[in-house]
Amino acid sequence: MEVILKKDRLGEWAAKLGEGADVFAPAFVEDCWAFTKVEPGGEVALDHGNTVRPAKGFVFPQREVLYRFSQDSGGAPRLTETLPDDPRAVVFGVRPCDGRAMVRNDKVFTCGFADPYYQARRERVAYVGLACAEPPSPNCFCLSVGGSPDAEDGLDVLMTELDGRYYVKALTAKGKDIVVAASSLFSEAQPADRSEAESVHAAARSHPQRSIAAMDKVAEGLKRNFDSPEWDALARACIGCGACTYLCPSCHCFDINDEITSRSPLAGERVRTWDNCQFPEFTMHTSGHNPRETTGARLRQRICHKLLYFVENHNIQQCTGCGRCITHCPVGIDIVRIANVMEEAAGQ
Amino acid sequence: MSKNIYLPKLARIAGIKDEVPGARGIKTFFVEFPDGDGFEHECGQCAMISVFGKGESMISIASAPAVKEYKQFSIMRTGRVTTAIHDMKPGDIVGVRGPYGNKFPLENWKGRNLVFIGGGVGLAPIWPVIQTAVANRADFGKISVFYGARTSRDIMYAEALEALRGAADVHLSIDAPEEGWQGFCGFVPANLLDKPQSPDNAVAVTCGPPIMIKFVIKNLIGMGFADEQIYTTIENKMKCGVGKCGRCNAGKDYVCVNGPVYSWAQLKDMPQEY
């Protein structure tokens with residue numbers, strides 16, 4: 001389903017959707033672009049770069065309660081399941097790299113053992129993508145990892161900005177629903193609209209980006225250089241802050257801990273929080289033994305997970321080229337550079 | 001298994017047996033599920049044990065799959081959760097979710113000689129295989145069990161190991177001589193070297209401290225065992241048990257799902273991240 005929305009009617013669409021769902025759109029808040037709740041009658045403008053935080057948090061929040069437990073003295077524990085029942089949400093302004101990252105997250109959370117928390121949220125969240133007319137960040141490299149500025153996978157709707165209007169393509173049943181919900185705002189897309197959208201996409205794809213030169217050889221290069229001392233050199237400046245993975249749209253690692261509100265009688269919650277492979281405690285055994293003891297080993301884990309292990313397990317790179325881990329690294333660690341270095345290095 | 005992969009079943013500690021005393025002591029817990037709420041498992045699989053308010057730990061299931069009345073867990077006191085479990089009493093309730101991981105391919109070993117080599121608390125993960133083999137004694141050739149601990153007081157399953165004699169050759173060892181000790185003195189790999197095992201039609205299964213496993217495998221290869229004839233089970237820090245939390249991987253493999261049981265043929269080519 002392909003329709004046209006006049007730019008000045010975007011707010012009306014958001015308002016209409018706001019009747020049955022929470023609506024989010026990028027806004028410049030406290031010095032950064034962030035997905036922000038659109039209040040009734042509030043403005044929506046899609047003139048952002050990319051958000052600092054990715055769109056994954058709507059489905060996989062940084063902290064969530066898995067269940068509550070309680071136990072009276074001498075009694076048996078009682079567990080109360082807390083599956084999400086958040087209102088439906090529509091998220092505007094999602095860049096295609098973040099949409100493609102959700103396809104990766106779907107593989108992790110729904111293959112093998114299905115994760116009911118992720119699934120419940122995924123069904124309630126609609127991602128409305130915005131094609132990039134030009135790379136929103138100087139560190140974009142989506143084309144190197146099989147993506148594109150108009151990639152559709154993982155999104156429910158893709159919007160492309162044309163002159164004075166948006167070309168709106170509904171991609172899923174959920175996407176059709178949110179277009180149909182406000183059908184009076186749209187007009188049918190004409191062949192001329194489609195060809196204008198195609199030329200916007202083509203121009204965006206030919207825009208220079210950062211580049212991994214031989215992506216098809218990177219996995220092999222990483223394998224060959226697994227034991228290379230180069231990892232320690234590349235990680236020498238790393239301060240282990242973990243910004244790279246917290247801000248990554250496809251990083252999914254988490255911790256599970258108990259948070260108690262009362263010791264006697266016992267009451268508390270089992271909580272899942274984002275965790276981080278750049279922290280030494282992430283893999284440290286209780287004995288003190290740590291399989292990834294050095295920052296070099298932990299950097300290697302992050303890069304290999306993105307560009308080698310995920311390829312071996314799912315036949316696609318986990319990285320979607322948003323460039324956040326490069327932009328926000330305080331010491332300049334750069335996945336594009338590392339991929340190129342490891343692809344070229346002969347191995348030990 | 002519960003539909004919610006993170007929600008444990010509640011189970012009752014029916015009995016506790018002190019195995020090894022001390023700050024790093026070992027206790028065996030016999031855990032019973034309410035009628036019809038238990039689960040089947042295979043040799044080598046693990047389960048997540050919860051102490052509510054403290055957290056969860058991944059523990060090998062030490063009882064044989066044929067034992068339906070209870071699940072046995074032999075746990076060394078090392079951290080927050082295992083200390084809390086050690087403080088529990090019969091009748092207390094724990095959470096259990098599982099079973100997780102792959103299994104020892106015992107069904108492929110019929111008619112073969114089995115050599116088990118365990119050290120310390122590393123006897124627990126291979127115990128269900130030993131129990132199953134002995135319970136089906138006629139299905140297997142010669143069975144040998146090597147087990148070593150630091151001192152005679154550190155030997156777990158002491159009576160059960162004695163009870164294996166007759167069905168299996170049992171070779172115990174302690175690190176240093178003690179008055180009255182009849183068995184071997186020295187490390188486990190040295191005890192194995194002292195009693196060479198034939199690789200002909202044999203499978204070797206080992207678990208223990210990483211340094212022990214390393215030299216046991218070296219010695220087995222020295223005796224002519226092929227990589228495919230050697231099995232071990234490995235451990236890593238785990239939080240989810242279902243291949244999602246992202247920390248227990250060695251290369252592309254999540255130990256909780258793809259492991260913990262590996263042949264040396266598989267393991268020797270994997271990154272040594274365990």
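This is a predicted model: local features need pLDDT of at least 70, side-chain atom pairs count only at pLDDT 80 or more; totals for chains, interfaces and linings use all residues.

Student: How many residues of chain B are in contact with chain A?
Tutor: 31 residues of chain B, and they meet 37 residues of chain A. On the chain B side, 12 are nonpolar, 10 polar and nine charged.

Student: Now chain A. Which domains is it divided into?
Tutor: Domain 1 covers 2-61 + 86-205, and domain 2 covers 215-255 + 275-344. Their C-alpha centres lie 28 Å apart.

Student: And how many residues are in contact between domain 1 and domain 2 of chain A?
Tutor: 25 residues of domain 1 contact 19 residues of domain 2. The domain 1 side has 11 nonpolar, seven polar and seven charged residues.

Student: New topic. Which residues does a cis peptide bond join in chain B?
Tutor: One such bond joins B:Gly98 and B:Pro99, with omega about 0°. Another joins B:Gly259 and B:Pro260, with omega about 5°.

Student: Where are B:Pro99 and B:Pro260?
Tutor: B:Pro99 is in strand β6, residues 93-100. B:Pro260 is in the loop between β14 (253-254) and β15 (261-263).

Student: What about phi of A:Asn315?
Tutor: Phi there is near 65°, positive although the residue is not glycine. A:Asn315 lies in the loop between α9 (295-314) and α10 (324-327).

Student: Is A:Asn315 buried or exposed?
Tutor: A:Asn315 is exposed, because it has 8 C-beta neighbours inside 10 Å, and 12 or fewer counts as exposed.

Student: And where is A:Glu30 found?
Tutor: In the loop between β2 (22-29) and β3 (32-37) of chain A. A:Glu30 also has a positive phi, about 45°. A:Glu30 is exposed, with 5 other C-beta atoms within 10 Å.

Methods:
Residues are numbered from 1 along each chain as its sequence is written. Chains are lettered from A and ligands numbered from 1 in the order in which they are written. Two residues are in contact if their C-beta atoms, placed from the backbone, lie within 7 Å. Ala, Val, Leu, Ile, Met, Phe, Trp, Tyr, Cys and Pro count as nonpolar, Asp, Glu, Lys and Arg as charged, and the others, Gly among them, as polar. Domain bounds come from an automatic or database domain assignment. Helices (H or I, at least four residues) and strands (E, at least two) are DSSP runs, numbered from the N terminus. A residue is buried if 20 or more other C-beta atoms lie within 10 Å of its own, exposed if 12 or fewer, and partly exposed in between; C-beta atoms are placed from the backbone.
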